[in-house]
Every structure is written in C-alpha cells, then in structure tokens.
Amino acid sequence: MGTTPETDEHSATLHGVVTTEVKPRRSGFATFLLFVCAMAFVTAALVRLLGIDGTRYMIAATSLIPYITVAGLLIGLFALARKRWVIGLTMTFVAIVLVANVAPRAFPDSRPNGVGQQVRVMTANLLVGMADAEAIVREVKARNVDILTMQELSPEMVRDLERAGLDQVLPSRVFLAEPGGSGSGIASKYPLTRKELTPPGTLQQAGALVDLPGKDIEVVSVHPLPPVVTEGPEAWQRELAGLPSPDSTGAIRVLAGDFNATLDHVGMTRLLNKGYVDAADQVGKGLIHTWPSNSGFWPPPVTIDHVLVDPRCPVDTLDVFDVPGSDHRAVVTQFVVPRF
C-alpha cells in the first residue's frame, strides 16, 4: 500500500514524540512503618548485644529475642524487596548478628568423652504447690532421676509428695517449704547435707552437698524473684549475681531451677561467662520453651528453666516435659561427674 505526504508527515510526528516511564509512587506510610519497625528492632537488638538490663519492660522484651530475631530478618528482607535499601540492609545485618548468637542453641556442641558417675537431675517449678505430686513421682521413677530440685514448694505439696511415695525413691531431702511461691527443696537418692550456697533472698533457694559414690557435687535449687514485678528488677539482678560461681579447682557445682531468665539476659550471660554450661544449649535443645506450658500465642513461650553444670561435666541428654497442674515444664538432664 502506498503512502501519501500526509501519512508520512503524521508518522514523522509520532516518531518524534518523547516517551517517559511513569514510576509508581512510593507509599510514604509504608516507609514510615518500616522505619518504626527498624528503630524498634535495632533498639531491642542493642539492648541484647550490649548487655543492658534496663527496666522490667526491657527485660521482658529481651526474653523474646529469638522471636524478635526472626521478625527482624523477615522485615529486613521485605524492605530490601521494596527497595528501601537503608532500612533493609540495616535490619538484615543486625538480624544476622542476632542469628549468630541465637541459632547455635539449636545445634549440639562437641562433647568430650566423660568418665565417671552418671547423674540425672530434674528440676520443676510446682506453681505454689499446685502441681500433680503423683505425676512428679511417676516421672522421677520412669526417668530414673537421682536428684530433684523444686521451686514453689509448699508444706501441702510436701505432704502430697510423701503420700505419692517420693521418699521411697528419693529418701534424702533438704526442704525449705513455705506457703505460696517462696518455698524450695532438693530430694536425692544420695545423702544430702544442707549448705548455704546463696545469700538470703526474697525466695528460698535450697542448697546441698550431694554425697555421690565418686566425687561429691553441690546443688542449688535456683529461684530468683521475677524481674517483671512492680518493684522492679533490682532483686532479680542481685539474686542472679549472688549465685555461686563454678569452682574450677574445688567442688563441682550444679544450678538447677527457675531462673526467670533466658540465655539472652545479662545475669545468665555472666554465669555462662564464669564457666557454667547450659545443659540444653550443649545438646542442641536450647530453644525448647519451658514457660508457660501448653501455651498458645500469648504469652509467647520462653526458656527460663535451666540446668547449669560445671564445665567438667559432659552433658549426655536433656528432655523437657509438661507437669500437670504447673505452668512450668520440667527439665531433666543426664551428665557425667568425673571421678578425679
């Protein structure tokens, strides 16, 4: 088909048109929301990484660091996908640093070969004596527990445990039973001698020397005051700091109980830096929650019940399980006490 001067002139006009790409406008609200998330995330991360306790609200937030880490990483990647480069790169970098601190808890550490006495320790918070005593004794028998540490041990709970037959399997005892949630106790297959291993605190923390067939060990039923009480976290900080340090040349020490602290809190970090080993962390179960038991989405489950062992004691196994009637899950671990 032929062309005319008119069509040629029209085509030339069209070819001369300059086209421009219309870019979608960025949402100012979305950027603002990402910025707020970034500020909150970085603040929480710095509190953890710099070892700051702060207020009870900051301490509560620190207990959620595993959740905060995942959320920060996902939001950071989302920001990068939306080309918010500064926000995305900052959040992703900080999240990777936190992952390096948190993720190793899910993987077992290298374990030296241990030669000596195998010991099984179980710890359980009894919820002001409301836990099912028969279930506790049943677990002690089934799991062949050698030493049981208890928190929130009431006089009524002592009677319930006796009726359930605890003294038949763990006949030795150091019980500091009190009404409410301040009692504490240790029961053992082996002879116990009461020892004052901690300064006086708000809650009882029973201590004892356990006369094992080989080398004796010292055990503390740990229970500092929770940091989220209205009075503030000062008592919690003081009582965690008052726990005995490991003695590299003397007695082997084991701290077992409700620390009201996760591995991200400063008090726990200091204990680990002194030489203790978290049994759950060593076998790759450091992210298994212990409170609250049977939890849904709120409050978020956290790991505040621990067994800290002397670094000379290789950890074999650890298990976490529900205790009927209690809001805490029990922890039972087996480790080796060297004979030398």
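Helices here are DSSP runs of H or I with at least four residues, strands are runs of E with at least two, and both are numbered from the N terminus. The peptide bond between Trp-291 and Pro-292 is cis, with omega at about -15 degrees. Most peptide bonds are trans, and most residues other than glycine have a negative phi.

Before going on, a word about what you are looking at. This is a predicted model, in which local features need pLDDT of at least 70 and side-chain atom pairs count only at pLDDT 80 or more, while totals for chains, interfaces and linings use all residues. Residues are numbered from 1 along each chain as its sequence is written, and side-chain values use heavy atoms, with hydrogens and water left out.

Now step back to the whole chain. Its secondary structure comes to 11 helices and 12 strands. The C-alpha trace spans about 115 × 45 × 35 Å along its principal axes. The radius of gyration is 28 Å, whereas a compact globule of 340 residues would have one near 20 Å; the radius is taken over C-alpha atoms, and the globule rule is 2.2 Å times the number of residues to the power 0.38. Of the 340 residues, 48% are buried, meaning under 20% relative accessible area, with exposed being over 50% and partly exposed in between (1.4 Å probe, protein chains only).

Among the buried residues of H2 are Leu-34, Phe-41 and Arg-48. Just after H2, Gly-51 takes a positive phi of about 70 degrees.

Two asparagines also have a positive phi. Asn-144, at about 55 degrees, belongs to the loop between helix H6 (133-142) and strand E2 (147-151). Asn-144 is partly exposed, at 46% relative accessibility. Asn-260 has a phi near 50 degrees and lies in the loop between strand E8 (252-258) and helix H10 (266-274). Asn-260 is buried, with a relative accessible area of 13%.

Finally, consider the spaces inside the model. On a 1 Å grid over the protein atoms alone, a cavity is a set of points where a 1.4 Å probe fits but cannot get out, and a pocket is an open set with protein on both sides within 12 Å along at least five of seven lines; lining residues have an atom within 4 Å of a point. The largest pocket holds about 450 Å³ of space.

Strands E10 (305-309) and E11 (315-322) are the elements that give two or more residues to its lining. E10 gives the most, with three residues. Residues lining this cavity include Asp-278, His-306 and Val-320.

How values were computed:
Grid points are joined across faces, edges and corners, and a volume is the space filled by probe spheres set on the points.
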